[in-house]
Amino acid sequence: MRRVEHVMGFPVSVRIDDEDIPEAAVDGLFAWLREVDARFSPFRPDSEVSRLDRGEVREPGPELREVLDLSEEYRIATGGAFDVRLPGRGLDPCAVVKGWSVQRGAELLRAAGAHRFCVNAGGDVVAFGGPWRVGVRHPERADRLCTVLDVTDRAVATSARYERGDHILDGRTGRPATGLISVTVVAPTLTEADTVATAAFALGREGAEWAAARENCEVFAVDTERRVLRSAGFPVPQDAMTGRQLPDRSSRKPAGGMKNRLPVTARE
């Protein structure tokens, strides 16, 4: 079964390789995503997020509270670089909502009996069963990939400038994040992969090492000097490994510079 719909401002595609999965299961996934868009979009004046931001809702509902709690967790973890409440801007939890909602949608498919399927939400992927081969777009060449990976029961998310320009801001300065042009994170859930990728991008040059230090996260990043950085466990085929390997997790620091990096360009 395959289906593509446009939800939350981007295309969402579903592929299910199992037989006898009812069409209603996919209907339920897209209905959930449309509900999330209606309730949590900061661009809809009647959404729960917008009404909370204007003070018309005193307490968020349990699902929005979950999203806001996750947002606060990452704000603290990044020293304020990741922040859904920036001065001069309204509440915007989209960086958490996308991965969180798509992961929940994927879990609806699992509950319906799907065992091998892939959900691609604007380039961020949840893959069950497998292995699935996932390509990561080159950050400067739309017609090329910068790496390919094999994924089973994992999620992959990329934050970069190539689709929406300087849309990720460093909450510490309020200005566009600098230091990285692309960062891809592989994690057990898209909730974590997408939020960690965005937070790492907001942190800037130190973000790749910060993300790689997090438990169960693997990272592939390209910095503004076109150097490739990857964690040891990033699931790429052996013949596709390029770039400087980040320190083993046991020796990684929460943040900081990365010296003696191998200068491999993203074009290689």
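Mentor: Helices here are DSSP runs of H or I with at least four residues, and they are numbered from the N terminus. The model is a predicted one. Buried residues have under 20% relative accessible area and exposed ones over 50%, with partly exposed in between. R39, at 23% relative accessibility, therefore counts as partly exposed, and so does E35, at 37%.

Helix α1 also takes part in a link to a strand. D27 and R3 meet through their side chains in a salt bridge, 2.7 Å from N to O. D27 lies in helix α1 and R3 in strand β1 (residues 2-7), so this pair ties together parts that are 24 residues apart in sequence. D27 is partly exposed, with a relative accessible area of 35%, whereas R3 is buried at 17%.

A further salt bridge joins K98 to D124, with 3.0 Å between the closest N and O atoms. K98 lies in helix α4 and D124 in strand β4, so parts 26 residues apart in sequence are tied together by this pair. Both K98 and D124 are buried. Elsewhere, salt bridges with shared partners join E35, R39, E48, E63, E66 and R104 into one network. In total, 25 salt bridges are counted.

E48, a member of that network, is found in helix α2 (residues 48-53). E48 is buried, its relative accessible area being 12%. Leaving aside residues up to four places away in sequence, E48 touches R39, F40, P60, G61 and L64.

The length of α4 (residues 94-111) agrees with expectation, because its 18 residues should span 26 Å at 1.5 Å a residue and its end C-alpha atoms are 25 Å apart. After α4 comes G113, whose phi is positive, near 105°. Finally, W100 forms one aromatic cluster with W32 and F40.

Notes
Residues are numbered from 1 along each chain as its sequence is written. This is a predicted model: local features need pLDDT of at least 70, side-chain atom pairs count only at pLDDT 80 or more; totals for chains, interfaces and linings use all residues. Side-chain values use heavy atoms; hydrogens and water are left out. Rings of Phe, Tyr and Trp (its six-membered ring) pair if their centres lie within 6.5 Å; planes under 30 degrees apart count as stacked, over 60 as edge-to-face and the rest as tilted. Helices (H or I, at least four residues) and strands (E, at least two) are DSSP runs, numbered from the N terminus. Buried means under 20% relative accessible area, exposed over 50%, partly exposed in between (1.4 Å probe, protein chains only). Contact means heavy atoms within 4.5 Å. The expected span of a helix is 1.5 Å times one less than its number of residues. A salt bridge is a side-chain nitrogen of Lys or Arg within 4 Å of a carboxyl oxygen of Asp or Glu.
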